[in-house]
Amino acid sequence: MDGYSISELWSILVMQGFSGLSLFSVLLLMALGLAIIFGQMGVINMAHGEFMTIGAYTIYLFSKVTEQYFPSLMPYYFLVAIFAAFAIAFAVGYLVEYSLIRHLYKRPLDTLLATWGLSLIMQQIFRSVFGAREVSATLPDWLMGSWQPTPDIDIPLNGLFVMGISIAVTIAVVLFLYRSNWGLKVRATTQNRIMAGSVGINTKKVDRITFAVGCGIAGIAGASFTTIASTGPTSGSLYIVDTFLVVVFGGAGSIIGTVSSAFSIAQAQSILTFFLTNAMGKVVTLMTIIIILMMRPEGLFTSKVRK
Amino acid sequence: MSSKKPMVPSTDSCASAGLSMRKVALAVAGTLLFAAAGSALAATPPTSQVNTTHLAVTDNEIIVGQLHSSTGTMAISETGSIEAERLAIDQINASGGVLGRKIKIIQEDGASDWPTFAEKAKKLLEENHVAAIFGCWTSASRKAVLPVLERDNGLLYYPTFYEGLEQSKNVIYTGQEATQQVFAGLDWVAKTKHAKTFYLIGSDYIWPRTTMKLARKYIETVLHGKVVGEEYAALGSTGFGSTINKIRLKKPDVIYAAVVGGSNVSWFKQLKAAGITGKNHTLLTLSVTEDEVKGIGGENLTGFYSAMKYFQSLDTPRNKEFVKQFKAKFGADAPIGDVTQAAYEGPWIWKAAVEKAGSFDTDKVVKAEETGSISIDAPEGMVYLESNHHLKTRLRIGEWRSDGQADIVYTSDYIMPNPFPKGY
């Protein structure tokens, strides 16, 4: 590499490392909600992207309302809006589970079709309510621009923010699943529904809450992605493929699998994109994933569930 | 068209005026209107004369089709075109219609799906016998509709700037073909920014690839500059971190971009977050109009440049009038981008051609269009329809402001359309 000083190359290395970590947190955040819904419940939720869009539009609405009525609160609205995004996506998820999903637990392939239909319906609702054009939430200043530890290094603030949210949500999910009473019931239901029911667990209620929590997490993901990506009726569909990829590659039903799969996909993609072209980076990553999945059809980490 | 400014119906707001006075005034107005209608009818040529090919023409009505995606991914982009064509048609109707006939629209939804476009075009032509179709947006949808148009001898007015390399008898292209958008813009940036090195980035499909091919050749052979990177991102890809780092490493004088759709938003948000802004880098894009700015956010674009033939901020009386009419109909928030304006030109060009031909028959209309003598006073300024079915227009460079509007910093001379550039 002629023509570059050591410090320049070092800066690029640091920023490239960060860009890989940043992609990792994006993938992880996308996949966490689905890891719960698909991994724990076995529901193939094709509308996952649309629950993310709900989160994104929540941010948009909060930003508009704050801008209009409480301009002095602009720096803070985002934090409140993220909780609202969770709450709204949770509520919609709860409703969807009650009216649609619960009738389909015995027919997993039908959930695929039903939720795909649901995703189309939701897209059209977004289009009718918010218009077909993309919208843009006004972000608080502290979320924009970059942090410069040295004059050559720019660390994107929104990347740091997404990373923070991603870590917080992961910890929350792990605590929820492995340290809470609810988590115990969820895991019991996943492992053996009949037994769980016979020891007094209300499995229907567990299903409902689990699905809604997964949707709520998608809402948080969508909300934080407004800082780095688009908000439009079909924005959610941009994520759905990557989301499933991460969950399936990691091994359904394993949070540690989801984390490591998101990490390896992100790093591979980020490094390959740097040295190859954007498209080729993606191609090589996908090829590798396919080969690995051929050898390990259950994914990187498999949970030992009695089938 | 310049002589027939569309009439804006005025609303009678003076409620306090004496009723009898108003009655008298109304009666007078009514009589005048009736007289005007009578003379218009007298000038209307008989249907048998203007329609020899079984089009949907009656003595007082002509049916046209509108074929865009109002659902699906592309609805984001095509909404503006739908609105603009409707506005133009309403205005034409308000000023007396075409050959004395009011235009009626049958709108079909291509649903962002190319086979659906072909099917709906077939329906419009074979069942509805429309005289013209205003529609399509992506090249893919146009290519899908093309065989149907050619078989049924339909007529399509296509609004989007596109890659060129096409000229169908059955299509009028009101957007720029690639040479009209690329060369003048590169000239400008090379001259004013003393740019020698370029980084090309686009979405991975035919329009950016063809455009970048033209750009690369022009940069290397005419500007004697250097392309230090050329890269295509998959449609819908949202991560640009590594690409941005590569750009940093290569330090190009100009980033030349044609990223589209949702990726476009990610691209600009992440550029801004990585500290690449109009203050420290020159970025010229071919894919940002006022429509896209709404999704990207003006604050992420400040100081970057777009190469387009039209910007909403264009400061001419004709454009101000157009912007006012558009906003009155579709709301003060509705953005007007380059393609929206080009879509607005479609119905007016069709009207001019039909009147010149004195007929709705496709062959006669196309013949009138190919004379190269049709011009209209569009919001962007006078445009001239050349015999190769494309418009002779100018290119403008806009510098984006944080409020989502652009300052026009450069306007080229008129550029002849050249859909088949030699040596490219």
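## Helix 5 against helix 8 in chain A

In this predicted model, a set of residues in helix 5 of chain A, namely Phe161(A), Val162(A), Ile165(A), Val169(A) and Val173(A), meets Ile217(A), Ile220(A) and Ser224(A) in helix 8 of chain A. Sorted by class, the residues of this contact comprise 7 nonpolar and 1 polar, with no charged residue among them.

The axes of helix 5 and helix 8 (residues 203–225) of chain A come within 10 Å and cross at roughly 170°. Because angles over 145 degrees count as roughly antiparallel, helix 5 of chain A is described as roughly antiparallel to helix 8 of chain A.

## Helix 10 of chain A and its surroundings

Helix 10 of chain A, which runs over residues 255–275, has 21 residues and reaches 30 Å from its first C-alpha to its last, close to the 30 Å expected at 1.5 Å a residue. Its buried residues include Ile255(A), Val259(A), Ala262(A), Ile265(A) and Ala266(A), and Gly257(A), Thr258(A), Ser261(A), Ser264(A), Gln269(A), Ser270(A) and Thr273(A) are buried as well.

The cover over these buried residues includes, from chain A, helix 1 (6–41), helix 5 (157–178), helix 9 (237–250) and helix 11 (278–295). Chain B also takes part in that cover, through its helix 8 (241–250).

## The contact between the chains

The contact takes 36 residues from chain A and 35 residues from chain B. On the side of chain A that touches chain B, helix 1, helix 4 (108–130), helix 5, helix 10 and helix 11 of chain A each supply at least two residues, and the largest share, 7 residues, comes from helix 1 of chain A.

By class, the side of chain A that touches chain B has 14 nonpolar, 17 polar and 5 charged residues.

## An open sheet in chain B

In chain B, 3 strands form an open sheet in the order 11-12-13, with antiparallel pairing. Strand 11 (374–378) and strand 13 (391–392) of chain B are the edge strands, each of which pairs on one side only. Strand 12 (residues 381–385) and strand 13 of chain B pair in the antiparallel sense over 2 bridges, and Leu385(B) has Leu391(B), in strand 13 of chain B, as its bridge partner.

Helix 12 (residues 338–357) of chain B packs on this sheet, where it touches strand 11 and strand 12 of chain B. The direction of helix 12 makes about 145° with that of strand 11 of chain B.

Notes:
Residues are numbered from 1 along each chain as its sequence is written. Chains are lettered from A and ligands numbered from 1 in the order in which they are written. This is a predicted model: local features need pLDDT of at least 70, side-chain atom pairs count only at pLDDT 80 or more; totals for chains, interfaces and linings use all residues. Two strands pair if DSSP finds at least two bridges between them. Helices (H or I, at least four residues) and strands (E, at least two) are DSSP runs, numbered from the N terminus. Two residues are in contact if their C-beta atoms, placed from the backbone, lie within 7 Å. Axes are lines fitted to C-alpha atoms, for helices over the stretch in contact, and angles run from 0 to 180 degrees between N-to-C directions. The expected span of a helix is 1.5 Å times one less than its number of residues. A residue is buried if 20 or more other C-beta atoms lie within 10 Å of its own, exposed if 12 or fewer, and partly exposed in between; C-beta atoms are placed from the backbone. Angles under 35 degrees count as roughly parallel, over 145 as roughly antiparallel, 65 to 115 as roughly perpendicular and the rest as oblique. Ala, Val, Leu, Ile, Met, Phe, Trp, Tyr, Cys and Pro count as nonpolar, Asp, Glu, Lys and Arg as charged, and the others, Gly among them, as polar.
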